[in-house]
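Hi there,

Here is the structure I promised to pass on. My notes follow below it.

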Amino acid sequence: MRAEYSAGREVPAQGSVFAYGAAAGLLADRLFGDPRRGHPVAAFGRAAGAVERVLWRDHRGWGALHAVVCAGGTAGAAALVARGVRDRGAASVALTAAVTWTVLGGTSLGREARAVGGALAAGDVEVARERLPRLCGRDPEALDEGQIARAVVESVAENTSDAVVGALVWGALGGVPGLVAFRAVNTLDAMVGHRSPRLLRFGWASARLDDVAGWPGARLTAVLAAVAGGAPARALEAVRRDAGRHPSPNAGPVEAAFAGALGVRLGGTLAYGGRVEHRPVLNGGGRPVEVADIERAVRLSHRVGVLALGVCVGGRLLAGHLLGRRGR
């Protein structure tokens, strides 16, 4: 591992630390999936829920305070831990690997998607409906086989950005604190960022913060999906034409890219929590989603994750090299 020198001390190069640690963390996610017990993200969710019960007011300012306390406090704690092992290369790599494994969710995403796809392939739509809420918040009862398959593909696309690429991007930018902060913000959005009457104002800050944090990862995901999907021109055209029509600034590019890459049509009418939404169609020239497309989407998601690791590691190493040259 290349070393840097600061005030007479030899310290490991942080680009190399991220490279080794992120690669090990992604490998751990592929081999083991999410930690079975004591998942730190679940612990964060419980703590954030406790803070919410104390701070909740039907007011944007109190919601912003909630986001700062939960996400800022967690990122600050991560920064202190990372600083404590900064001078020890092996410990710093191990910490980066452990945190990367914790915040990534690509393997669990693929497992859940395949479980729904397997139920549909076996003709058991009821089991598929029971498992669908593990992937997304849609009302499954009124969905037929094709609509469930479409929901799974859309969820795989969106969560490839949220659960894999976005985390790697912020890890490259901010190391361990960046990884932790991104996952904290994403978790807060899932907890309080939806448009229920109780959370419309309180969750506004968390939702907007998640939009900002997810912006770079979503664009990188869209580009990599186009590259890895085998039909780059079609995927990029779908993004150019349709992404801006989606109500989410980050889900739009990602879902459009997956739709174009897979040659399917996404979007349309759906229901969340009893609320019906009529979303624009993405890649309208594509065919309807079939059950077999779930497996294709999962494989595309895995390829995008590997490419994202390469891009983020390469970008971090290049930035470190350029900054090192400027400092000479």
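Rings of Phe, Tyr and Trp (its six-membered ring) count as a pair if their centres lie within 6.5 Å, with planes under 30 degrees apart called stacked, over 60 edge-to-face and the rest tilted. By that rule, the structure has one aromatic pair.

A word on the source: this is a predicted model, where local features need pLDDT of at least 70, side-chain atom pairs count only at pLDDT 80 or more, and totals for chains, interfaces and linings use all residues. Residues are numbered from 1 along each chain as its sequence is written, and side-chain values use heavy atoms, with hydrogens and water left out.

Tryptophan 62 has the charged end of arginine 57 over its ring, 4.5 Å from the centre (the test: NZ of Lys or CZ of Arg within 6 Å of the ring centre and within 35 degrees of the ring normal).

Salt bridges (a side-chain nitrogen of Lys or Arg within 4 Å of a carboxyl oxygen of Asp or Glu) number 17 in the whole structure. One of them joins arginine 201 to aspartate 58, at 3.3 Å from N to O. That pair links distant parts of the chain, 143 residues apart: arginine 201 is in the loop between α7 and α8 (204-228), and aspartate 58 in the loop between α2 (40-55) and α3 (60-84). Helices here are DSSP runs (H or I, at least four residues), as are strands (E, at least two), numbered from the N terminus.

Leucine 27 belongs to helix α1 (residues 14-32).

Happy to chat about any of this!

Best wishes
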